[in-house]
Amino acid sequence: MRLQKEKKEEAEGDMTPMIDIVFQLIAFFMVLVNFTKVDNDASIILPSSELAKPPEEKLKHSIMLQMTADGKVILGGELLDLEGDDLDSRLFRERRQAGDKLSEVAIIIRAHRDAATGKVQRLITRCQEKGFVRYQLRAKEKL
Amino acid sequence: MKVRKGAKSDKIELQMTPMIDIVFQLLVFFIMTFNIVEVEGDFGIQLPGAPAQHTEIEVAPVKLSLRMTANDDGTLKSLTLDGTKMNSFEQLHQLILKKKPIGAGPASDDLDFEVEIQSDYKLKYENVIQAITAVRGKRQKVAGKDEIITLIDKIRFAQPVGGPEN
């Protein structure tokens, strides 16, 4: 029997379609990726609202205060007690930093949807005691 | 001169393997760093600071008070606007629309409303956001574009009823 010599040649798959797709995927993820550091706490599920639209212009001076479902406050990545002195001194520092631009500083409240309203209000009151006047209640967009 | 046919007609073959290695690395990197950020929006409210520094407003807005009570588990029990009991936030929205109709001419703009929200201490926060949504405005399609029509944007909070359970 005679062996067919052609069979010895390497079977070469066509790579082109695969590379096409892989590049497409890379382009897709590259475009969508954002490296902006968000300090949003993942454990906080925001209440949703159909009126919650992302603001057209970014707030110049803002302080993000987050509240977990059990009423703890997160400020700058630190978990603080709502009635504690730590929160007080932190807010005081922010207040001093704001200087005379106090009316421009917006306090963004990101509270968990199950947090007690009284606690959220208490948090606002504590900021009011420091003199802040602008508040933004954050909600996620309902589509 | 003799042209060597054999060697020259051979296809130049690219080494695909290293490129594919790198490309897959890139792909994996971008997949790993991919995070979906939900769209978030804000409700702006103005509240005076501790020292009563706000000046008297010339035209005092008509004040509406919204009272929300809670069950023991923090869910909404009742919803009352100026003594009118309601069952849902949709009803509240309709009532607000009746008080401040959309596009009723400039006359309706003279009527300035302010809503004061008073809720039970343990009421879940999402109810407050829902109430603000019902009062604040309406999302409407205008010429194919989503637009938000503002109804009442003055919102205040009154002292919550009840206190911490501890």
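Residues are numbered from 1 along each chain as its sequence is written, while chains are lettered from A and ligands numbered from 1 in the order in which they are written.

**Confidence**
- The model scores ipTM 0.73 and pTM 0.73.
- Chain B has a mean pLDDT of 77, with 80% of its residues at 70 or more; pLDDT is the predictor's confidence in each residue, from 0 to 100.
- Where pLDDT is low, the predicted coordinates should not be read in detail.

**Where the chains meet**
- In chain B, 40 residues are in contact with 43 residues of chain A (contact means that C-beta atoms, placed from the backbone, lie within 7 Å).
- On the side of chain B that touches chain A, α2 (16-33), β1 (40-46), α5 (125-136) and β6 (137-142) of chain B each supply at least two residues. Helices (H or I, at least four residues) and strands (E, at least two) are DSSP runs, numbered from the N terminus.
- Sorted by class, that side has 22 nonpolar, ten polar and eight charged residues. Nonpolar covers Ala, Val, Leu, Ile, Met, Phe, Trp, Tyr, Cys and Pro; charged covers Asp, Glu, Lys and Arg; the others, Gly among them, are polar.
- Strand β6 (residues 134-141) of chain A pairs with β1(B) in the antiparallel sense over seven bridges (strands pair if DSSP finds at least two bridges between them).
- Within β1(B), Gly44(B) is the residue opposite Gln136(A).

**The sheet in chain B**
- Five strands form an open sheet with mixed pairing, in the order β4-β3-β2-β5-β8 (chain B).
- At the edges are β4 (84-86) and β8 (155-157) of chain B, each pairing on one side only.
- Strands β2 (residues 62-70) and β3 (residues 76-81) of chain B run antiparallel and are joined by five bridges; Thr69(B) stands opposite Ser78(B) in β3(B).

**Two helices of chain B**
- Helix α3 (residues 89-99) of chain B lies across β3, β4 and β5 (113-119) of chain B, at about 140 degrees to β4(B). Axes are lines fitted to C-alpha atoms, for helices over the stretch in contact, and angles run from 0 to 180 degrees between N-to-C directions.
- Twelve of the twelve residues of α5(B) are buried, so α5(B) is largely enclosed by the rest of the structure. Buried means that 20 or more other C-beta atoms, placed from the backbone, lie within 10 Å of a residue's own.
- Among these buried residues are Tyr125(B), Ile129(B) and Arg136(B).

How values were computed:
This is a predicted model: local features need pLDDT of at least 70, side-chain atom pairs count only at pLDDT 80 or more; totals for chains, interfaces and linings use all residues.
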